[in-house]
Amino acid sequence: MGKTIFRIWRGDKTGGQFREYQAEVSEGMVVLDVVHQIQATQAPDLACRWNCKAGKCGSCSAEINGQPRLMCMTRMDSLPPGPVTLEPMRAFPIIKDLVTDVSWNYRINKLIPPFKPRPPDFPDGTWRLAQEEVDRVQEFRKCIECFLCQNVCHVLRDHQMKEPPEIFGGPRFMIRVAALEMHPLDTVDRLPLLKDVLNIGLCNITKCCTEVCPEEIHITDNGIIPLKERVVDAYYDPLLWLARKVGNLLGLRKNKKIPLPTLQKNPTSEA
Amino acid sequence: MDYPIYEHDVLVIGAGGAGLRAAIEASAMGCRVGLVCKSLLGKAHTVMAEGGIAAALGNVDARDNWEVHFADTMRGGQYLNNWRMAEIHAKEAPERVRELEAWGAVFDRTKDGRILQRHFGGHKYPRLAHVGDRTGLEMIRTLQDHGIHQGIDVHMECTIIRLLKDGDRVVGAFGYYRERGQFVVFHAKAIVLATGGIGKAYKITSNSWEYTGDGHALAYEAGAELVDMEFVQFHPTGMVWPPSVRGILVTEGVRGEGGVLRNALGKRFMFDDIPEAYRNSTADNEEEGFLYVIGEKYQGRDARRPPELLTRDHVARCIVREIREGRGSPHGGVFLELQTFCDWLERRRPGLNKAEYIKKKLPSMYHQFKQLGGIDITKQPMEVGPTVHYIMGGVRVDGDTQMSTVPGLFAAGEVAGGLHGANRLGGNSLSDLLVFGKRAGEYAARFAKEHAAGQLPRDQIEETARWALSFIDHPQGDENPFQVQYDLQETMQNLVGIVRREEDMLRALEALERLRERYRRVRVVGNREYNPGWHTAMDLRNLLIVAEAITRSALERRESRGAQFREDYPNKSEEFGKVNIVVCKGPDGSMRVRREPIPEMPDYLKRVIEQNK
């Protein structure tokens with residue numbers, strides 16, 4: 001394939017610019033290979049994250065010609081001829097070059113109450129579940145936490161709704177909550193969290209997240225929309241609302257309101 | 001000394017399956033736990049594990065139990081295993097798997113709703129609890145999402161470069177954060193190493209950049225012993241084309257689901273070479289092997305496994321033989337295909353949608369080949385060849401407690417040696433992480449409770465900081481760290497690979513000496529902030545130690561057994577069947593090698609092995 005110009009964004013939080021490198025591209029190479037080549041021969045301090053190089057760990061997310069992709073799964077021959085532009089994910093603060101500070105995601109994750117199963121079905125501590133019951137959840141659990149969906153979500157990217165009082169959990173964590181809410185064994189009610197902490201209502205289902213998901217999870221259709229319906233049913237159905245009010249007045253309501261978690265500061269040393 | 005100091009009872013280094021499980025256990029025992037990961041949390045190499053977790057749950061075949069699993073593990077390891085670890089592993093794995101389910105893991109199910117188990121090489125019964133071919137991801141995410149609510153302090157993108165000692169025992173660790181390059185001190189009463197393996201010592205590997213033998217080298221430098229380092233597992237099936245993806249793993253699950261290996265002549269060569277120890281348990285015709293895959297009987301008795309599911313060391317050697325003798329595929333591998341099996345299955349199940357069947361059974365393999373190789377595995381054969389995958393050897397530990405020979409220093413998972421002997425069975429790694437991760441966490445916590453914190457050694461910290469900074473703008477430096485690493489990988493690949501000879505390995509030792517010389521002249525440009533050149537320079541020290549340990553151990557073992565094949569000693573030797581090779585750092589700083597007799601196995605375990613012959 002010969003030589004290709006790479007324009008790579010170099011810099012840190014104080015600013016930066018695109019720099020040009022000439023790369024030698026051969027058959028089958030992916031963008032991450034080119035980055036490694038440039039690192040080894042021209043710019044040993046070029047920062048990028050990567051681990052598995054097989055689309056399984058979700059570390060090497062970046063924007064390739066403006067498209068959010070995994071560098072390890074983007075073949076050079078899939079890109080149009082001409083120079084390739086490479087820049088970090090733009091929804092997160094820059095650390096250096098292609099590396100961004102994604103610690104916010106870890107803080108959001110911690111807000112989600114953990115899995116709590118119903119008591120085991122059998123004395124040996126096991127449950128029985130049909131494959132059909134778990135298929136749906138397994139789709140969500142394919143997530144590799146590349147955070148590309150968070151990166152393209154306009155609520156996070158354009159409106160930066162990441163800190164109180166305006167927070168949106170983002171598609172990744174809608175999917176994580178979906179995996180818990182639809183887990184056949186789980187017993188926790190996370191609808192209050194969805195509605196008032198992760199603010200699911202802020203998603204207006206443009207499906208940008210679904211489009212970039214390298215695991216092809218149907219984030220919007222199978223995850224966010226069903227969760228939105230559950231929230232609507234629970235909080236905005238007039239009949240249920242009335243029943244709940246009456247129930248509250250009569251003291252019939254079993255579940256006392258639990259305090260909702262708030263986003264913690266100081267991300268890096270505690271997850 | 002103005003570095004930040006974190007105080008922990010137990011410090012766990014490494015946050016893959018073993019590290020997370022250790023941290024969870026130590027925390028559950030009431031300890032203040034620190035967890036250090038070289039990458040972001042949840043990205044460790046465990047996510048790459050595809051096949052499953054080996055545990056004798058007996059869900060698919062009720063005849064399975066710990067005794068069969070134990071006997072399979074020992075046979076696979078050619079009886080060099082630490083038998084106590086193999087026993088504990090086989091007994092405790094089922095409980096660890098059930099525990100994962102209770103923490104939210106969602107395994108594939110049997111028809112009656114239990115955890116489904118699949119066949120894998122060297123396991124007598126279907127034993128691997130799995131989630132499609134992404135079991136490792138399920139495991140790490142489950143442990144991660146459970147662990148973050150246990151009050152564990154997580155230090156992400158932090159690399160440890162030295163264990164700190166006070167007299168004989170470890171009392172802390174010294175490292176740096178990638179982001180800013182600033183140093184950090186951890187003061188701990190006990191330390192668990194869970195740093196994984198050494199794949200980056202080789203050119204063709206399924207391992208990521210992180211796998212630079214950090215824990216092996218840290219332990220060695222701290223005075224611990226390493227055992228079985230000659231046993232490097234070459235996974236028989238890595239991708240070979242295109243060049244940039246060479247080495248990426250093709251799960252054994254492909255063969256477990258009926259995948260067939262063929263040479264360039266189209267011949268299914270695995271039937272030709274079935275080792276004596278496995279003759280009784282291996283099919284001698286295609287029909288029987290395929291019936292085994294779908295769990296059905298052959299001529300009224302249990303079908304025996306297809307020869308593609310023989311142990312990894314054997315399959316890798318057969319593939320190398322085909323390639324060397326000129327029957328390889330166009331890009332220097334052999335073919336692995338699912339079409340023969342699917343056509344056979346279609347004849348039994350008319351109307352079967354073959355493409356959908358493969359996609360459902362092996363979703364990530366389908367994607368991997370489609371995206372990286374431009375190959376549709378539902379229609380085309382894959383090209384595969386051996387890739388460095390795992391090291392059986394590691395820190396020599398006590399079987400029950402996982403403590404090394406250095407007080408307060410524990411090891412679990414790939415960095416620990418012993419469980420797998422001369423060859424690891426697929427699926428025994430994820431179970432290893434859980435069983436011994438838990439044990440290491442538990443015994444480290446006990447150690448921490450029984451011992452006061454030691455004194456932090458200021459001189460060791462300062463010395464290490466000076467060493468780390470010496471690379472940056474080294475005035476006499478003229479070597480590129482990436483180039484030195486590349487040359488080391490080339491050396492190990494060519495001279496200490498699958499087929500070994502004394503003369504090659506002696507040359508490797510000389511080459512390593514020259515590389516050490518060049519290492520002193522490595523120069524890093526740029527500053528300390530997220531600088532991969534600097535990180536590579538520091539990791540190189542570990543790779544040099546590990547490469548030497550592998551080479552010296554392999555030289556010492558003058559026989560062929562398990563993962564080690566010596567062309568100059570092609571047979572097994574009774575003498576070497578009784579010893580493990582152990583290396584440690586001598587008082588003069590040079591590497592010492594010795595043979596350590598394997599302790600006598602108790603009678604009840606001998607009986608188990610006899611009954612399962």
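This is a predicted model: local features need pLDDT of at least 70, side-chain atom pairs count only at pLDDT 80 or more; totals for chains, interfaces and linings use all residues.

Reply: Residues are numbered from 1 along each chain as its sequence is written, chains are lettered from A and ligands numbered from 1 in the order in which they are written, and side-chain values use heavy atoms, with hydrogens and water left out.

Me: How many residues of chain B are in contact with chain A, and about what area do the two chains bury between them?
Reply: Contact means heavy atoms within 4.5 Å, and 63 residues of chain A meet 67 residues of chain B in this way. Buried area is the accessible area (1.4 Å probe) that two parts lose on being put together, summed over both. Of the area between chain A and chain B, 52% is on carbon and sulfur atoms. The answers are 67 residues of chain B and about 5300 Å².

Me: Which residues of chain A lose the most area to chain B?
Reply: Three residues together make up 13% of what the chain A side buries. They are Asn51(A), Lys56(A) and Arg141(A).

Me: Which residue of chain B meets the side chain of Arg141(A) in a salt bridge?
Reply: A salt bridge is a side-chain nitrogen of Lys or Arg within 4 Å of a carboxyl oxygen of Asp or Glu, and six of them are counted between chain A and chain B. In the pair made by Arg141(A), the N to O distance is 2.6 Å. Its partner is Glu138(B).

Me: Which helix of chain A gives the most to the side that touches chain B?
Reply: Helices (H or I, at least four residues) and strands (E, at least two) are DSSP runs, numbered from the N terminus. Among the elements of chain A that supply at least two residues to this side are helix 1 (31-41), helix 2 (103-111) and helix 3 (131-140). The one that gives the most, with five residues, is helix 3 of chain A.

Me: What distance separates the centres of the two domains of chain A?
Reply: Domain bounds come from an automatic or database domain assignment, which divides chain A into domain 1 (2-99) and domain 2 (102-249). Their contact takes 15 residues from domain 1 of chain A and 17 residues from domain 2 of chain A. The centres, taken over C-alpha atoms, are separated by 32 Å.

Me: Which residue forms a salt bridge with Glu63(A)?
Reply: The count between domain 1 of chain A and domain 2 of chain A is one salt bridge, and these domains bury about 1200 Å² between them. In the salt bridge of Glu63(A), the closest N and O atoms are 2.8 Å apart. The partner is Arg157(A).

Me: Why is helix 2 of chain B largely enclosed by the rest of the structure, and which residue caps its N-terminal end?
Reply: Buried means under 20% relative accessible area, exposed over 50%, and partly exposed in between (1.4 Å probe, protein chains only). Helix 2 (residues 66-76) of chain B is largely enclosed because nine of its 11 residues are buried, and what covers them includes helix 3 (83-102) and helix 12 (428-450) of chain B. At the N-terminal end, a side-chain oxygen lies 2.9 Å from the backbone nitrogen of Glu67(B), and the capping residue is Asn65(B).

Me: Which residue of helix 2 of chain B pairs with Arg127(B)?
Reply: Arg127(B) lies in the loop between strand 4 (117-118) and strand 5 (128-129) of chain B, 55 residues from its partner. Both residues of the pair are buried, and their closest N and O atoms are 2.9 Å apart. The partner in helix 2 of chain B is Asp72(B).

Notes
A polar contact is a pair of N or O atoms within 3.5 Å; within protein, one must be able to donate a hydrogen and the other to accept it, and residues adjacent in sequence count only if both atoms are side-chain atoms.
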